[in-house]
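My entries follow in the order I made them.

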Amino acid sequence: MTCASAKSATASACAATCEADISTRHLSFLETGRAQPSREMVIHLAERLDVPLRDRNQLLVAAGYAPLYPERSLGDPALAAARRAVDLVLAGHEPYPAVAIDRHWTLVAANGAIGPFLAGADAALLQPPINVLRLSLHPGGLAPRIENSPEWRAHLLARLRRQIDVSSDPALVTLFEELIRYPSQEGSMRPEPAREPDPVAVAVPLRLRTEDGILSFLSTTMVFGTPIDVTLSELAVESFFPADQATAEALRATARRRGQGSSAEESPRIPL
């Protein structure tokens, strides 16, 4: 944990002492090392502060205790039910696109409606492991076909920056440094200036040029509500919804042309 994040955590801890049901005096003793926190106290404070599971393990180790939360591969049989749930969510979202990603924005799975996002992308960007941010912003990926590229680029970079501020993950820092070097839609290497938001808009859309015309999407993020596994806690499903009637009709027409089914078994997935 960095000094900045430690100070932030301290401030949050002070604000949460009432909810955590401990005194500020005892919390001060824990912070200054005058008292040694029990394993239960470390877990208790981490839960009240909504500390990510990966960081909870680090806190436990720093306090001299063994990690509590396991970190398994998504192929582990213990996560089979969770993986099945992800597949059902992806399939159930068709004919609209949806993807599952890990904490580094690596594609874990996608439903059969993801085709418009992949059309025309360089083959190298579609070789596993596929990073969805790289695919979105790389000049050989989606970027040339994104109608509102400056706005969408700024949105994705801001999300990644917030994630880095929370986690200080070096892999994400490296990814961010790579992404900001990509040329913008106008060909400049400099970040686009901030733009005034549309007063009518309710969210930042993704407007993608396809063979069916411009498709406009709004996105939502789903995470597991009660994970006790580190990998599962960092898994997210990004679902894209049509932002207008024309997009909805185009996606339904594409699904009909493909003869696409609605069950998880019939839903094609990108091989990973």
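**Entry 1: aromatic pairs.** I am working with a predicted model. I looked up the aromatic pairs and got a count of three. I took the pair of Phe 117 and Phe 217 to begin with; the ring centres are 5.2 Å apart and the planes stand at 40°.

I then checked where the two residues sit. Phe 117 belongs to helix α7 (residues 115-118) and Phe 217 to strand β4 (residues 213-223), so this pair ties together parts 100 residues apart in sequence. I noted both Phe 117 and Phe 217 as buried.

**Entry 2: Phe 117 again.** I found that Phe 117 also pairs with Phe 240, with ring centres 5.0 Å apart and planes at 50°, so this pair is tilted. It links distant parts of the chain, from Phe 117 in helix α7 to Phe 240 in strand β5 (residues 236-242), 123 residues apart.

I looked up the accessibility of both partners. I recorded Phe 117, Phe 217 and Phe 240 as a cluster linked by ring pairs.

**Entry 3: nonpolar cores.** In soluble globular proteins, nonpolar side chains tend to be buried together. I looked for the largest nonpolar core here and found that it has 36 residues. Phe 117 and Phe 217 turn up again, among the residues with the most contacts inside this core; Trp 105, Leu 133 and Leu 160 are also among them. Helix α9 (residues 149-167) gives the most to this core, five residues.

I went through the contacts of Leu 133. Not counting residues up to four places away in sequence, Leu 133 touches Trp 105, Leu 156, Leu 160, Leu 175 and Leu 179. I also noted a second, separate core of 10 residues, including Ala 82, Leu 90, Leu 232 and Leu 235.

**Entry 4: Thr 106.** Is Thr 106 buried or exposed? I found a relative accessibility of 19%, so Thr 106 counts as buried, the cut-off being under 20%. Thr 106 lies in the loop between β1 (98-101) and β2 (107-110). Which residues does Thr 106 contact, leaving aside its neighbours within four places in sequence? I listed Ala 100, Ile 101, Pro 129, Ile 130 and Asn 131.

Technical notes: Residues numbered from 1 in each chain as written. Predicted model: local features only at pLDDT ≥ 70, side-chain atom pairs only at ≥ 80, totals over all residues. Heavy atoms only, no water. Helix = DSSP H or I, 4+ residues; strand = E, 2+ residues; numbered from the N terminus. Buried < 20%, exposed > 50% of the residue type's maximum accessible area, 1.4 Å probe, protein only. Contact = heavy atoms within 4.5 Å. Phe/Tyr/Trp six-rings, centres within 6.5 Å; stacked < 30°, edge-to-face > 60°. Core = buried A, V, L, I, M, F, W, Y, C linked by side-chain atoms within 4.5 Å.
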